[in-house]
Amino acid sequence: MLIQGGRVERERYFWLAERLGDEGFAVVVPQYAADLAITGGERTHRSLEEARDLGLVGEGPAIVMGHSLGGVVAASQWVEYPKDYAELVLLASWPASNLEVESRDERVLELVGSEDGEPLSAFVEGTARFTDLECHVIEGMTHYDWTDDATDREIEKQGTVATRPIEETRAEAVSLLLDFLDRR
């Protein structure tokens, strides 16, 4: 389950879904009203159930991942539906401070770019409550390198620029993600 960031069209994450699909993973990228997953948590779970009903994904626990605000939703789903979601992957994100992540002891992966725009200490603090956290900083990656076609406004808002080509940072991020998934 791949959950988009706030006000970011889900299609901008298809590069990642396609890359994971090339490795044999079924990836569901739900559609949310106004591109705001934060207002449609039930849509996330319903999308997983629909994918199972159609035979697109298996019955076992899935992995839920989200970018930025989508990571907040992913963490919430991970806590709320422990039988449906095994691991959690946060892409430049952390859970809401009031979410009781301590109730889960399954693996969590955090991937964040060194040029994200948020201080790295915010990610460390935001994920410190997880009991089994694997965290990687991808040198030179920005917050919007997770998406295709970052707008000028998004780039200006993040306040940083990539220090490595996007192809390199994405390749490193996908390699780390696949390594995590392969250890299931």
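Start by selecting His45, which sits in helix α2 (residues 41–53). Helices here are DSSP runs of H or I with at least four residues, strands are runs of E with at least two, and both are numbered from the N terminus. Is His45 buried or exposed? His45 counts as buried, because its relative accessibility is 8%. Buried means under 20% relative accessible area, exposed means over 50%, and partly exposed lies in between, with a 1.4 Å probe and protein chains only. Now show what surrounds His45. Leaving aside neighbours within four places in sequence, His45 is in contact with Gln77, Tyr81, Asp84 and Tyr85. Contact means heavy atoms within 4.5 Å.

A word on the model before moving on. It is predicted, so local features need pLDDT of at least 70 and side-chain atom pairs count only at pLDDT 80 or more, while totals for chains, interfaces and linings use all residues. Residues are numbered from 1 along each chain as its sequence is written, and side-chain values use heavy atoms, with hydrogens and water left out.

**Zoom out**

Colour by secondary structure. The protein has six helices and five strands. Along the sequence they follow the pattern β-α-α-β-α-β-β-α-β-α-α. The radius of gyration is 15 Å, close to the 16 Å that the globule rule gives for 184 residues, so the protein is as compact as a globular protein of that length. That radius is taken over C-alpha atoms, and the rule is 2.2 Å times the number of residues to the power 0.38. The C-alpha trace spans about 40 × 30 × 30 Å along its principal axes. Of the 184 residues, 49% count as buried. Among contacts between residues at least 6 apart in sequence, 68% join residues at least 24 apart.

**The sheet**

Select the strands next. Five of them form an open sheet in the order β1-β2-β3-β4-β5, with parallel pairing. Two strands pair if DSSP finds at least two bridges between them. Which strands are at the edges? They are β1 (2–3) and β5, each pairing on one side only.

Now pick β3 (85–91). Seven of the seven residues of β3 are buried, so this strand is largely enclosed by the rest of the structure. Five bridges join β2 to β3, and the two run parallel. Find His67: its bridge partner in β3 is Leu91. Trace the chain from β2 through helix α3 (residues 69–80) to β3; this β-α-β crossover is right-handed. Right-handed means that, with the strands pointing away from the viewer, the path from the first strand over the helix to the second runs clockwise.

Turn to the β4 side. β3 and β4 pair in the parallel sense over four bridges. Leu90 stands opposite Glu110 in β4. Leu91 stands opposite Leu111 in β4.

**The nonpolar cores**

Show the nonpolar side chains. The largest nonpolar core has 28 residues, and Leu16, Trp146 and Leu177 have the most contacts inside it. Such a core is a set of buried Ala, Val, Leu, Ile, Met, Phe, Trp, Tyr and Cys residues joined through side-chain atoms within 4.5 Å. At least two residues each come from α1 (14–22), β2 (62–67), β3, β4 (108–115), β5 and α6 (166–182). Which element gives the most to this core? It is α6, with seven residues.

Centre on Leu16. Beyond neighbours within four places in sequence, Leu16 is in contact with Leu2, Met65, Leu91, Val174 and Leu177. A second, separate core has 22 residues, including Val64, Val73, Leu88 and Val101.

**Two last stops**

Go to His143, in the loop between β5 (133–142) and α5 (152–158). His143 counts as buried, because its relative accessibility is 10%. A polar contact of 2.8 Å joins its side chain to that of Asp116. A polar contact is a pair of N or O atoms within 3.5 Å; within protein, one must be able to donate a hydrogen and the other to accept it, and residues adjacent in sequence count only if both atoms are side-chain atoms. Apart from neighbours within four places in sequence, His143 is in contact with His67, Ser68, Ala92, Glu115, Asp116 and Gln158.

Finish at Ile155, in helix α5. Ile155 is partly exposed, with a relative accessible area of 37%. Not counting residues up to four places away in sequence, Ile155 touches Ala150 and Thr160. Select Asp145 as well: its C-alpha atom is separated from that of Ile155 by 9.8 Å, and the two are 10 residues apart along the chain.
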